[in-house]
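This report describes one structure for a reader who has not seen it before. The sequence and structure come first, and the description follows.

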Amino acid sequence: MFASVPWRLGLRCYSSGCRTSSILALLHDKPINQTVKVNGWVKGIRRQKERIFVDVDDGSCSQKLQVVLPSGKRSVNLGFHASVSATGILHSSSHKGQDVEMVTDEIQVIGGAVQEEYPFKSRQLHPPEYVRKFPHLRARTNSFSSLLRVRSQAKMAIQEYFRKEGFINIDTPVLTTNDCEGGGETFSVRLFNSNTTEERTANDSSYFGQEAHLSVSGQLHLEAIACGLSKVYNFNPAFRAENSHTRRHLAEFWMAEAEEAFLCGTEGLSLLMDRIEGLIKTSIQTVIDVQEEDVLYHWKSNESTEELVKGALCQPFVRLPYAEAMKLLQDKSHFFQTQPLPRGDLGKEHELFLTKHLGNIPVFVTHWPREIKAFYMCADENDPQLVMAVDLLLPDIGEVAGGGLREHCPSRLHQRLQQLHLLDKLDWYLDLRRLGGSTPTGGFGIGFERFLQFILGIGNIKDTIPFPRWAKHCSC
């Protein structure tokens, strides 16, 4: 029925000429002695007396396609990162590191490079700090384009894990009236009209009728949906107004969050940790299997990362109660610049010490003091001063995931919200417990950029996201 309209099958038939192929497809299929066409950018040029060798990259994979051109056919605009289109015959190649090459009589230059102004140089490794100055251009570098392919695959791997486990994807709102954890580090939304000079305050409520924020987490909304769908997750941006310039914080980042109904007690917390560990391990293995060349590219510049990642894959994660973790830290307090405080939160140096001391494998820290965790955490069955919360620490990175069981008792939750003066904003959240059909739930959130840091050994979180935003920086 559709034979006369091949576009329905995803084929591009703009003309009767040779169809454009990706370099990834050519290297996989190897259509030797056939005419092929590629579009891409020049990443290297080598000249001989009679021939020119041009390395073309189209972003589909980490490898380049070598295009062989007669020296007399070189265009004057053919330079580093010029955009080109080439049609020629694909041949087997005897050169090391490549199986095939294209031989052609002409390379069409679509956009010539302006060499004197271009910030990146051919065959030169630029440090991340320098590349970061050009967020609109850094996808053109080998290292960052490799990162972006891994990032894409990691996102798909996480979503595929949830799909196979029966979770339903939910789009939680970016605009919200609550800040979830009550930390206060939120971006307020204000009304702005460019057609008037009227000034608005940061807390202007004339649009929504109340103060609104950019979301720091979709967890509370996931809880509401889980009470009808049982197992749900999101993959959303989150925003936190931390005035931080460190290597581990962003103002805008991505989180994968999940919520599951009918989790309660010690068994529920154990199942939640099983879920987090399964997601981490399955997603990492998928990324390595599918994007092996890109992963190895990053591992070459950070030799310890491969060992840490493989260690995480082949060993069970440690499960350590907070009290035992704190005792260990206090016994080793001479190692730290900042001393661990009894019933206090953990600093990054404490988190890194725990993972290293326990064998350089991921560590779950469980059963935290109530006062340092969010209001919605469920009290421990055996000690009401503790909550059924868990943080996952990864070697070299620190905290990557956090979660726990949610307080299910309406009266206890009402009291907690009243203490924090949140009843007016979160009355709907209390309804989840007050009204019929309520159920205990548990869930977690994973910081996607920190997860990528662990897989690839990237030192600065700003180099894991296409356009990083942090304090005093919001370019592009």
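The model is predicted, and 26 salt bridges are counted in it. Arg132 sits in the loop between α2 (128–131) and α3 (142–164), and Asp463 is in the segment after α12, so the pair ties together parts that are 331 residues apart in sequence. Side chains of opposite charge can pair when their charged atoms come close.

## The eight-stranded sheet

Eight strands make up an open sheet with mixed pairing, in the order β7-β10-β11-β16-β15-β14-β13-β12. Its edge strands, β7 (168–169) and β12 (318–321), each pair on one side only. Strands of a sheet pair through backbone hydrogen bonds, either parallel or antiparallel.

Helix α12 (residues 448–456) lies across β10 (231–239), β11 (252–261), β14, β15 and β16 (441–447). Relative to β16, α12 runs at about 60°.

## Helix α5 against α12

Besides lying across these strands, α12 meets helix α5 (residues 265–290): their axes come within 11 Å and cross at roughly 55°. That angle makes α5 oblique to α12, and the crossing is right-handed.

On the α5 side, the contact is made by Ile280, Ser283, Ile284 and Val287, and on the α12 side by Phe451, Phe454 and Ile455. By class, the residues of this contact divide into six nonpolar, one polar and no charged.

## Helices α10 and α11

Helix α10 (residues 410–419) packs with helix α11 (residues 427–434) at an angle of about 165°, and their axes are 9 Å apart. The two helices are therefore roughly antiparallel. Their crossing is left-handed.

Pro410, Leu413, His414 and Leu417 in α10 meet Tyr429, Leu430, Arg433 and Arg434 in α11. This contact has five nonpolar, one polar and two charged residues.

Terms used
Residues numbered from 1 in each chain as written. Predicted model: local features only at pLDDT ≥ 70, side-chain atom pairs only at ≥ 80, totals over all residues. Heavy atoms only, no water. Axes fitted to C-alpha atoms, helices over the stretch in contact; angles between N-to-C directions. Helix = DSSP H or I, 4+ residues; strand = E, 2+ residues; numbered from the N terminus. Parallel < 35°, antiparallel > 145°, perpendicular 65-115°, else oblique. Left-handed = near helix turned anticlockwise from the far one by under 90°. Contact = heavy atoms within 4.5 Å. Nonpolar A, V, L, I, M, F, W, Y, C, P; charged D, E, K, R; others polar. Pairing = 2+ DSSP bridges. Salt bridge = Lys/Arg side-chain N within 4 Å of Asp/Glu carboxyl O.
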